[in-house]
Amino acid sequence: MSADYRSPTYYELAAPPELDWRPYRPESYLDYRAEWARRGETGRAGDFPLHIDIDPTNRCNLRCAMCPRTYYLEQNNEKWAPHGLGDMDFSLFIRLIEEGQNKGLRSVKLNFLGEPLLYPKITDLVRLANDAGLWVMLNTNAVLLTERMSRDLLQAGLTDIFFSFDSPYKNEYEKIRTGADYDKVLANIARFMEIKEKGGYKAVQTRASLVLPADPARHETIKEDFIRLFRNLKVAEIGFGLPTVMGRDYEPENPDRFLCPDLFRRLFVYWDGVVGPCCGDWERNIDLGRVEGEIKVAEMWQSQKYRALREFHKNGQYKRIPACAHCSVPFLSTVEVLPAVT
């Protein structure tokens, strides 16, 4: 069993043959993933993002220890939520999907800093995106993943679900994921997997992932126990990410050159319609505009501001962008603590 590096700071163990979902997907999916890789490698953004991360809500039912949302709440920092807590207007989601459907959008993921299952019409979002021919993904803490919710999501056309479950050990899990019950959440995931299997949803990707602790001494033991736990539940992929230390300034230790591939293939739309380029710009330091009135995603994707961001990265000048200069990803990209698990 070998590790598949998906980004410099994250890797996952690919599904064994008996759990592999890829053979059940059409060739168009392979074309989409090939274009995803090509954009990151060549630095060519095209006319429209391949993928949009849409945050249906910035509300959450947990306060996880490593989450930037928790950190900002404890610091009374409101930059991450300048318009407070709220849910995306359904009409805005419709606009995003309709525009993307006509411009070459291939996938959406329905969360950013919130828990998507809190959104009252989450299955409607999934259905709308699926009906538009998009791959529809979401990350969830699975606290609200009831049997009914599981059936509704699968029937609506969810194609990828990623379970965030940050320790294979009950006491540690409940300490990290404040407000969650280890046994209940694990039972929710197990039930989802049963419904998926019995319903014949062979093309649906499942993944369980955790953020590794800062101390690498325990990594191998944690990974082995985590893999065992979720392979027993027949979850396809197992993922591990490196932690960002909240409040730390990474700029002094960041390499001089770094090219972020996501600038060429995805963007983020927060619940209030504001658009940003980055999964790590939690304080919204880079504001590309707001989807409202006649303003559309395509304009922001091709805007001078976004083009400048890409050029700084391509020319080895990413540190001219404050949000990028202080980001943890360039630093973590140089830290070799994610060896393959065999």
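Analyst: Axes are lines fitted to C-alpha atoms, for helices over the stretch in contact, and their angles run from 0 to 180 degrees between N-to-C directions. This is a predicted model, where local features need pLDDT of at least 70, side-chain atom pairs count only at pLDDT 80 or more, and totals for chains, interfaces and linings use all residues. Residues are numbered from 1 along each chain as its sequence is written, and side-chain values use heavy atoms, without hydrogens and water.

User: Are H5 and H7 parallel, perpendicular or oblique to each other?

Analyst: Helix H7 spans residues 182–199, and its axis comes within 9 Å of that of H5. The two axes cross at roughly 40 degrees. Under 35 degrees counts as roughly parallel, over 145 as roughly antiparallel, 65 to 115 as roughly perpendicular and the rest as oblique. So H5 and H7 are oblique.

User: Which residues of H7 make the contact with H5?

Analyst: Contact means heavy atoms within 4.5 Å. H5 brings Glu-147, Ser-150, Arg-151 and Leu-154. They meet H7 at Arg-191, Phe-192, Ile-195 and Lys-196.

User: How are H4 and H5 oriented to each other, roughly parallel or roughly antiparallel?

Analyst: H4 covers residues 122–131 and H5 covers residues 147–156. Their axes come within 8 Å and cross at roughly 20 degrees. H4 and H5 are therefore roughly parallel.

User: How many nonpolar residues does the contact of H4 with H5 have?

Analyst: On the H4 side stand Ile-122, Thr-123, Val-126, Arg-127 and Asn-130. H5 answers with Met-149, Asp-152, Leu-153 and Ala-156. Ala, Val, Leu, Ile, Met, Phe, Trp, Tyr, Cys and Pro count as nonpolar, Asp, Glu, Lys and Arg as charged, and the others, Gly among them, as polar. The contact has 2 polar residues, 2 charged, and nonpolar ones numbering 5.

User: What is the angle between the planes of Phe-163 and Phe-192?

Analyst: The whole structure holds 18 aromatic pairs. Rings of Phe, Tyr and Trp (its six-membered ring) pair if their centres lie within 6.5 Å; planes under 30 degrees apart count as stacked, over 60 as edge-to-face and the rest as tilted. Phe-163 and Phe-192 are edge-to-face, 5.8 Å centre to centre, with planes at 80 degrees.

User: Is Phe-192 buried or exposed?

Analyst: Phe-192 sits in helix H7, and its partner Phe-163 in strand E7, 29 residues apart. Phe-192 has a relative accessible area of 0%. Under 20% means buried, over 50% exposed, in between partly exposed (1.4 Å probe, protein chains only). So Phe-192 is buried.

Methods: Helix = DSSP H or I, 4+ residues; strand = E, 2+ residues; numbered from the N terminus.
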